[in-house]
Amino acid sequence: MTTHGQFRLGQARRGQRGIIAAVGRSPGATNGRDEVFDVELERRLLEIGFVEGARVEVLHEGFLGRDPIAVKVDSMRVALRRHEADMILVREAPAQGPAGTAPR
Amino acid sequence: MNVIDQTALVRNARIALVGNPNCGKTALFNALTGSQQKVANYPGVTVERKEGALRTPAGRHLTVIDLPGTYSLRGRSPDEIVTRDVILGRTNAVERPDLLVCVADATNLRLMLRLVMEMSGAGLPMLLVLNMADIARYRGIRIDIPGLSHELGIPVVEAVAVEHGGTDRLLAELDRMLTDLRPARREHWLEQNAAEVRDAHHAADSMVVRFVSAAGEDRDWTGRIDAVLLHPVAGIAILLAVLFLMFQAVFSWATVPMDLIAAGFDWLAGTLRAILPDGLLTSLLVDGIITGVGSVLVFLPQIMILFFFIILLEDFGYMARAAFLMDKIIGGAGLHGRSFIPLLSSFACAIPGVMATRVIENRRQRLATIMIAPLMTCSARLPVYTLIIAAFIPARKVAGVFDLRGLVMFALYAAGIVSAFVVAWVFRHWVWRGKSEPFIMELPGYKRPMLRAVLTGVLQRGVIFLRRAGTIILSMMILIWFLSTFPAPPAGAAGPAIDHSFAGLIGHAIQPLLAPVGFNWEIAVALIPGLAAREVAVGALATVYAVGGDAGGEALGTILAGHWPLGTALSLLAWYVFAPQCVSTLAVVRRETNSWRWPVMMFVYMLALAYVASFVTYQLASLAGYG
């Protein structure tokens, strides 16, 4: 992962943070049936605050397979599975400073 | 200032509280209505419907409705559908509120601002309450209220639901708005697509930028607590410890009140037997009602303690964390983190458990959770378990530390949980294949639980249980007494009188079916009312042996130990792990799924599992010489 690249939230590790660049899968990336599912998922992610421009930070990872993850989205915390988080593309920001002093 | 309220002549004005989950809406509802609340269900669905009465400073009587929390009006779960339909007046026109009170968490405004904009399509007058204003101030968040109000075009007030006088401004504003309330317009709400949701977010964002300034100083207690409670290793260990403590408390704390209740009923039965003349009425009162109902009411303390913990953890904000920790584990069976809370409640009683599944949006996952909820060992099974364990399992230490009785109890709980997972897996992989529902759930900030709110909740659960005991259980007890008393034996007949009664006849008739699982006819008789409510089986056994004349003042456990082989006792325990559930559970499942198919399927599969489990247990015990 490059320092200022982009990453899928579903692949992110604890402590990684950034700004949401895109929510949703590119058309044609999935078959027809999944597209209905994905459109619904996209709206649900948007409704709970995963919207382009929101700041995100991975706070916690689950015990088995590091799944699900707990994410800070602006001022709230949301738990979701990595599978769902994969739909969110994040523009990476530098990881937080050592003493947790970096501005949020 | 005394304005005559015209609408009051027709009906009280109705105001509805709407907001995102975890915005403190229920706390505000409690603050507004005090003790004047009633909890009922919406017709057709078992979504809890909370209504309360409120008298404003100007003397207006209002009806306050607490609607389930939601992030949008799209209505994906039964809960959210209720919110949408009430707001849009789709349930029925009379129920439609006259005014919407939108409740926002002042520390997290954005999502609610979007919902407020979406709700303007409902055509109802609105008011925005910035709840938890004290926390926002403490965190240095400043909100330009006149600016926000002007931008949204609706009044905006601050409130602190948990503080005395914290709702004064809201009440004053309600009075002001209600003096000159414009009537509701027709709704013109349309479901937003993804692009529109994005646009609304941007509009909300721009409002936050212009009207909210945050100092950014955040002590972040929630983050610190989460660092421990959501830690991959420590978090799981703490969750297990919490569950362990909870069940420990259910068993140990409840002992004293349970003994008192049992002693009270014994005293009552003894006294009545002493002062009343021997006869049918005395028999009905003592053998039927007091013995039977008493054996069930004994479990009230356990049920209330379990609910105390569940409500406490819920209010603290821990339940969402438990769902996070458990998601992967119960996800293996095709379930969902959100299934955890309903399943946990089912340890107290499957009825609130089944009702709590309404937060699961996906129908299949919801049904799978409903179908396995009765496999969690509910407190109604405890009477059966404790009775038989105390009678047949010696109080012995195993490996020096474990109590053998405790181990058997643990094994029974474990058997229920393991079989629930297997059944869920079978359902999800063979009956309904397909994508699992996404797990997306807000982790609310931790809050100090309000003792009063917790106790009110516990009390409400207790009342529900008592009402059940007073209706279903009482009538079953009278029926059992009747069946086991009539017809009276012919003069000079040999053997106990109950042998000649209806109960004896029914018991003898179905006993051959149950012989392979080691049940005698007394058990067969007790199983019939046991279908109505599991715990009734104990009362029924007590009644059968009391009317049969075997009791002679001895404890039921002692009688059973003298009459049953060990194999029969173990087989009955196995039966009750799966026992065909109580009628009330089936009725709730019928109402929740709106179909007879699921309760029938539940009944059949559980009966089959119970028979197979008992058969295997009894046959193995017989082989080992305990038949």
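**Figure 1. Gln6(A) and its partner across the strands.** In this predicted model, Gln6(A) stands opposite Arg91(A), a residue of strand 6 of chain A. Strand 6 covers residues 88–93 and runs antiparallel to strand 1 of chain A, with 3 bridges joining the two. Strands here are DSSP runs of E with at least two residues, helices are runs of H or I with at least four residues, and both are numbered from the N terminus. Two strands count as paired if DSSP finds at least two bridges between them.

Figure 2. Strands of a sheet pair through backbone hydrogen bonds, either parallel or antiparallel.

**Figure 3. Arg13(A) and Glu61(A) meet in a salt bridge.** The N to O distance for this pair is 3.1 Å; a salt bridge needs a side-chain nitrogen of Lys or Arg within 4 Å of a carboxyl oxygen of Asp or Glu. The pair links distant parts of the chain, 48 residues apart: Arg13(A) sits in the loop between strand 1 and strand 2 (17–23), and Glu61(A) in strand 3 (residues 55–61) of chain A. Arg13(A) is partly exposed at 41% relative accessibility, whereas Glu61(A) is buried at 6%. Buried means under 20% relative accessible area, exposed over 50% and partly exposed in between, using a 1.4 Å probe and protein chains only.

**Figure 4. A salt bridge from chain B to chain A.** Arg74(B) pairs with Glu47(A), their closest N and O atoms lying 2.8 Å apart. Arg74(B) belongs to the loop between strand 4 (61–66) and helix 3 (78–87) of chain B, while Glu47(A) belongs to helix 1 (residues 32–47) of chain A. Both Arg74(B) and Glu47(A) are buried.

**Figure 5. Arg110(B) reaches Asp205(B).** The closest N and O atoms of this salt bridge are 3.2 Å apart. Arg110(B) lies in helix 4 (residues 110–119) and Asp205(B) in helix 8 (residues 194–211) of chain B, so the pair ties together parts 95 residues apart in sequence. Arg110(B) is buried at 10% relative accessibility, and Asp205(B) is partly exposed at 22%. Another view worth a look is the network of salt bridges with shared partners, which joins Glu40(A), Arg43(A), Glu47(A), Arg74(B) and Glu191(B).

**Figure 6. Glu522(B), a buried residue without a salt bridge.** Glu522(B) is found in helix 22 (residues 521–532) of chain B. The nearest side chain of opposite charge, Arg273(B), is 17 Å away; Lys and Arg count as positive, Asp and Glu as negative, and His and the chain ends are not counted. Leaving out residues up to four places away in sequence, Glu522(B) touches Leu541(B), Val544(B) and Tyr545(B), where contact means heavy atoms within 4.5 Å.

**Notes on the views.** Residues are numbered from 1 along each chain as its sequence is written, and chains are lettered from A and ligands numbered from 1 in the order written. In this predicted model, local features need pLDDT of at least 70 and side-chain atom pairs count only at pLDDT 80 or more, while totals for chains, interfaces and linings use all residues; side-chain values use heavy atoms, without hydrogens and water.
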